There are 2 protein chains.
Amino acid sequence: MIQQQYPSQLLEKAVQEFSKLPGIGRKTALRLVLWMLRQDDSDVTQFTAAVNELKCGVKYCKVCHNISDTDICPICADQRRDQTTVCVVENIQDVMAIENTQQFNGLYHVLGGVISPMDGMGPADIEIDSLIQRVGEGTVQEVILALSPTMEGDTTNFYIYRKLAPTGIKVSVIARGIAVGNELEYADEVTLGRSITNRTLFEEK
Amino acid sequence: MIQQQYPSQLLEKAVQEFSKLPGIGRKTALRLVLWMLRQDDSDVTQFTAAVNELKCGVKYCKVCHNISDTDICPICADQRRDQTTVCVVENIQDVMAIENTQQFNGLYHVLGGVISPMDGMGPADIEIDSLIQRVGEGTVQEVILALSPTMEGDTTNFYIYRKLAPTGIKVSVIARGIAVGNELEYADEVTLGRSITNRTLFEEK
């Protein structure tokens, strides 16, 4: 393929920066940059300012490591929430996803990743020690492991479980099963198998 | 749908800005912003600086209105190029696309759009007057219309042709026909019809 020649160094540089973004190729980057060029100066300044301010101003909650504008995030600071239950998730999106369900009233602990030797992520690279310490303080009575059902997620679950076992605290894992609305026949065997093993009593709703 | 609650105002603002970009929804915007957060401060500064510098520093060639770092773009300034042939295109991407073919050695004229009453774009909103003026200066001997074969493109072609007719200059249109590599049977009738009307003598290559 011919390397696209840009008529402007500034354009070339901006396209290069945009194409570093995940899932954005050079063609899309060019489209975004040219769109940006058509906007008002003030809109572009607003865009770059928002990015810079986020990068400089963002904080992580000292308790749960969720993103926050304050030292302690609104969830951890909310005394109406159940302080005895902590849900362990991989990242910030997972917190938002669970919050959206409006089914969970406890607190979170954001690991910031999962154990993945292939990607050079060990237990020390994610917020496991702070979780153990947090649990050690005595308020927490149950830890819910809500990581993705991947090999890395399961490894991390197991690692955390082993670390927490000596404390005698209750450790649970979110249910694996057939997703609501999915066809049974298309479910993979492991999921289907687990959904039978972990069956629950039928409840009239 | 539940409006996603962000744990941080700064995050909310950055996501809002990213989701203004064409083809970027809120979910992708969030992914991009969180990716940005994981980058080094210097990388983020470099990104925003590239966008700001482009917006402030970019120029448009005074002759052809292509994007440029200088008052006259490198193509217009290149004396080895055929100064008598001007290819009229809709936008900057089209210049790059034609340059990539390495089949054209003349100059360009970037209209910056096509006549489209539905979008409120009239002849005065695009660089038609400057084209007429440029042709009037006497060097140009042929104008090649290379707009997209859409209704708007054809309208613009016709408008430009009518404006140039009194000058007696040669006006040509890029060939419409079956794309190289395409199956004949899947071509639409208009294209197929034109490809027969506009047949060329067979040449051994």
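Which residue of chain A forms a salt bridge with B:K13, and how far apart are the closest N and O atoms? The partner is A:E53, and the closest N and O atoms are 3.7 Å apart. B:K13 sits in helix α1 (residues 9–18) of chain B, while A:E53 sits in helix α3 of chain A, so this pair joins two chains. The model is a predicted one.

**Salt bridges and polar contacts**

Four salt bridges are counted between chain A and chain B. Over all chains, the whole structure holds 20 salt bridges.

| Residue in chain A | Residue in chain B | N to O distance |
|---|---|---|
| A:E53 | B:K13 | 3.7 Å |

Polar contacts between chain A and chain B come to twelve residue pairs, with both residues at pLDDT 80 or more. Five elements of chain A give two or more residues each to the side that touches chain B: α1 (9–18), α2 (26–38), α3 (41–57), β2 (67–68) and α5 (92–101). The largest share of that side comes from α3(A), with 14 residues. By class, the side of chain A that touches chain B has 29 nonpolar residues, 14 polar ones and eleven charged ones.

**Extent of the interface**

How many residues of chain A are in contact with chain B? The count is 54 residues of chain A, against 53 residues of chain B. About 5,000 Å² is buried between the two chains. Carbon and sulfur atoms give 69% of that area. In chain A, the residues that lose the most area to chain B are A:L37, A:K55 and A:M96. Together these three account for 13% of what that side buries.

**Symmetry**

Chain A can be superposed on chain B with an RMSD of 0.2 Å. Which residue of chain A comes closest to the rotation axis? A:T48 does, with its C-alpha at 2.6 Å.

**Annotated regions of chain A**

An unreviewed UniProt entry places a feature named "zinc finger region: C4-type" at residues 61–76 of chain A. The end C-alpha atoms of residues 61–76 lie 8 Å apart. This span is 19% helix and 12% strand.

The UniProt annotation "domain: Toprim", also from an unreviewed entry, covers residues 84–179 of chain A. Here the end C-alpha atoms lie 28 Å apart. The span is 34% helix and 18% strand.

**Around A:I98**

A:I98 lies in helix α5 of chain A. Leaving aside neighbours within four places in sequence, A:I98 is in contact with A:C87, A:V89, A:F104, A:Y108 and A:A146. A:T84 is 14 residues from A:I98 in sequence. In space, the two residues are 17 Å apart, C-alpha to C-alpha.

Notes:
Residues are numbered from 1 along each chain as its sequence is written. Chains are lettered from A and ligands numbered from 1 in the order in which they are written. This is a predicted model: local features need pLDDT of at least 70, side-chain atom pairs count only at pLDDT 80 or more; totals for chains, interfaces and linings use all residues. Side-chain values use heavy atoms; hydrogens and water are left out. UniProt positions are given in the numbering used here, feature names are shortened, and annotations may be inferred rather than shown by experiment. Helices (H or I, at least four residues) and strands (E, at least two) are DSSP runs, numbered from the N terminus. Copies are superposed by least squares on the C-alpha atoms of residues with pLDDT of at least 70 in both. Contact means heavy atoms within 4.5 Å. Buried area is the accessible area (1.4 Å probe) that two parts lose on being put together, summed over both. A salt bridge is a side-chain nitrogen of Lys or Arg within 4 Å of a carboxyl oxygen of Asp or Glu. A polar contact is a pair of N or O atoms within 3.5 Å; within protein, one must be able to donate a hydrogen and the other to accept it, and residues adjacent in sequence count only if both atoms are side-chain atoms. Ala, Val, Leu, Ile, Met, Phe, Trp, Tyr, Cys and Pro count as nonpolar, Asp, Glu, Lys and Arg as charged, and the others, Gly among them, as polar.
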